[in-house]
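Please examine the sequence and the three-dimensional structure shown below.

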Amino acid sequence: MAYGDTPHDAMLKEAWEQFCDDLKGASSYIFDDPAPATALDRARGFQYLTQNIALGIEVNVEHSDPLYPDFFRPMTPVRKYGGDNPDCIYLRALLDGSETYRISGNRGGVHYLVFGSYRPAELTPEGESAEVGRIMGKDLITNWDGSFEIIVSPDEHPGNWLRTVPEVDRLTVRQFFGDWAAEAPIDVMIERVGDHGPPEPMSPERMARGLAGAAGWVGDTASYWRWWQQRYREQPNTFRTSATQGTVGAAPGGIIYHMYWMVQPDEALLIEFTPPVCDYWELELNDYWMTSIDYRYHMAGVNCRQSPTERDGSARVVVSHKDPGVPNWLSTGNMNEGHIGLRWMQCETDEPPFPETRLVKLADLDGLLPDDALRMDAEGRRAQLAHRRRGVARRFRV
């Protein structure tokens with residue numbers, strides 16, 4: 001058997017070659033201004049592309065049939081995009097918003113849990129959110145053993161109901177962990193209601209569409225997130241409100257602030273605030289590509305459960321290349337610029353505080369801190385990182 005022996009060979013070959021050509025073109029994003037021009041940033045840029053090739057295939061080929069959905073993890077410790085939260089396990093399933101689905105599982109012990117249904121941005125009416133339906137973990141009705149069932153549909157149902165409309169194309173589950181090593185993730189599955197038999201096998205036409213979609217995903221993702229954070233780059237090291245939260249449905253149940261950080265190896269960015277009363281808060285540090293620093297080995301995030309506050313109730317966070325000797329450290333991962341997101345979830349106030357920021361010389365930092373400021377020595381840091389490493393393995397069950 002050889003090329004040309006089936007009537008689909010030419011179409012599949014053309015689809016594959018176009019897929020490869022489109023991936024070649026995506027490399028331009030790595031070199032275009034204002035992408036940082038360091039060896040590390042260049043390598044990270046290409047790593048970003050490779051990670052999103054895999055994700056593009058999952059979204060557009062392996063999990064592309066909304067009539068037979070499965071939950072999959074779009075972001076993991078080694079595959080990231082869009083400002084992934086180190087505290088979070090994200091689950092996604094692709095849906096047909098006119099169908100009815102059943103989600104079942106066990107609540108587990110995760111600190112902050114949200115189910116949401118979403119429509120594409122291009123199909124979202126002006127002034128409305130892409131998020132159509134939402135169930136917060138605190139509102140989820142469970143049985144005595146933590147088990148639950150959710151109906152996902154355009155028609156209202158008693159009990160746990162997640163609303164959709166025909167335009168809805170995906171469902172996202174966000175699990176925000178406070179203590180990574182202590183909280184158990186949910187067990188969950190999704191199925192379309194009814195007895196439908198197995199899905200149709202892969203067809204040449206579906207594969208060709210999937211390859212085109214996967215290539216488009218890689219380029220569109222790189223382009224969008226570069227554009228998205230450029231507005232914050234114009235005013236570095238200063239927190240600002242999100243310009244897109246109300247439309248994209250980010251940080252469901254909360255408020256998010258953004259900052260573009262720029263810190264040289266001899267500098268430290270001091271971030272100080274007093275957390276309001278809220279269910280959960282977290283700061284995450286990302287690189288230029290809007291992906292988290294490797295949180296398996298670096299202090300890439302701090303949150304309300306893991307991060308100690310000062311004696312007066314305030315929080316002090318330091319962004320730096322080298323360990324600054326304070327508990328709440330955001331490591332740059334040897335990069336000089338990127339993004340920081342701050343999430344305030346379920347606050348008692350609609351206007352949580354903007355943290356104060358100061359860029360100082362790292363050598364001067366110790367003298368600028370109060371005498372009673374919390375400190376952390378090398379042994380404490382090793383224990384802190386080891387605890388986080390165990391927590392990653394436990395959360396992702398690897």
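**Asp87 and its surroundings**

Leaving aside its neighbours within four places in sequence, Asp87 is in contact with Gln175, Phe176, Phe177, Trp180, Tyr280, Glu282, Asn303 and Arg395, where contact means heavy atoms within 4.5 Å. The model is a predicted one, in which local features need pLDDT of at least 70 and side-chain atom pairs count only at pLDDT 80 or more, while totals for chains, interfaces and linings use all residues. Residues are numbered from 1 along each chain as its sequence is written, and side-chain values use heavy atoms, with hydrogens and water left out.

Asp87 itself is found in the loop between helix H3 (39-62) and strand E1 (88-94). Helices (H or I, at least four residues) and strands (E, at least two) are DSSP runs, numbered from the N terminus. Is Asp87 buried or exposed? Asp87 is buried yet has no salt bridge, and the nearest side chain of opposite charge, that of Arg388, is 5.5 Å away. Buried means under 20% relative accessible area, exposed over 50%, and partly exposed in between, with a 1.4 Å probe and protein chains only. A salt bridge is a side-chain nitrogen of Lys or Arg within 4 Å of a carboxyl oxygen of Asp or Glu.

The loop between H3 and E1 also holds Ser64, which is partly exposed at 22% relative accessibility. Not counting residues up to four places away in sequence, Ser64 touches Glu58, Val59, Leu94 and Arg206. Ser64 and Arg206 are 142 residues apart along the chain, and their C-alpha atoms are separated by 9.2 Å.

The chain as a whole may now be considered. Its secondary structure comes to seven helices and 17 strands. For 398 residues, a compact globule would have a radius of gyration near 21 Å, and the 22 Å of the chain agrees with this; the radius is taken over C-alpha atoms, and the globule rule is 2.2 Å times the number of residues to the power 0.38. Along the principal axes, the C-alpha atoms fill a box of roughly 75 × 55 × 40 Å. Of the 398 residues, 51% count as buried. Among the contacts with a separation of 6 or more, 77% are between residues 24 or more positions apart.

Within strand E7 (residues 170-176) lies Arg174, which is buried, with a relative accessible area of 13%. Between Arg174 and Ser320 there are 146 residues of separation in sequence and 29 Å in space, C-alpha to C-alpha.

Charged pairs form the next topic. How many salt bridges does the count come to? The count comes to 23 salt bridges. One of them joins Lys24 to Asp21, with the closest N and O atoms 3.9 Å apart. These two residues are three residues apart in helix H1 (residues 9-26), so about one helical turn separates them. Lys24 counts as exposed, at 60% relative accessibility, whereas Asp21 counts as partly exposed, at 41%.

Another salt bridge brings together the side chains of Arg170 and Asp169, at 3.1 Å from N to O. Arg170 is buried, with a relative accessible area of 18%, and Asp169 is partly exposed, with 28%.

A salt bridge also links Arg397 to Asp187, the closest N and O atoms being 3.0 Å apart. Arg397 lies in the segment after helix H7 (378-396) and Asp187 in strand E8 (residues 187-192), so the pair ties together parts that are 210 residues apart in sequence. Asp187 counts as partly exposed, at 41% relative accessibility. Elsewhere, salt bridges that share partners join Glu272, Glu310, Arg316 and Arg358 into one network.

Most residues other than glycine have a negative phi, and most peptide bonds are trans. The peptide bond from Asp33 to Pro34, however, is cis, with omega near 5°. Pro34 is found in the loop between helix H2 (28-31) and H3.

Met290 has a positive phi, near 60°, in a residue other than glycine. Met290 lies in the loop between strand E12 (278-286) and strand E13 (301-303) and counts as buried, at 2% relative accessibility. Asn334 likewise has a positive phi, near 70°. Asn334 is found in the loop between strand E15 (329-331) and strand E16 (337-347) and is exposed, with a relative accessible area of 57%.

How values were computed: Lys and Arg count as positive and Asp and Glu as negative; His and the chain ends are not counted.
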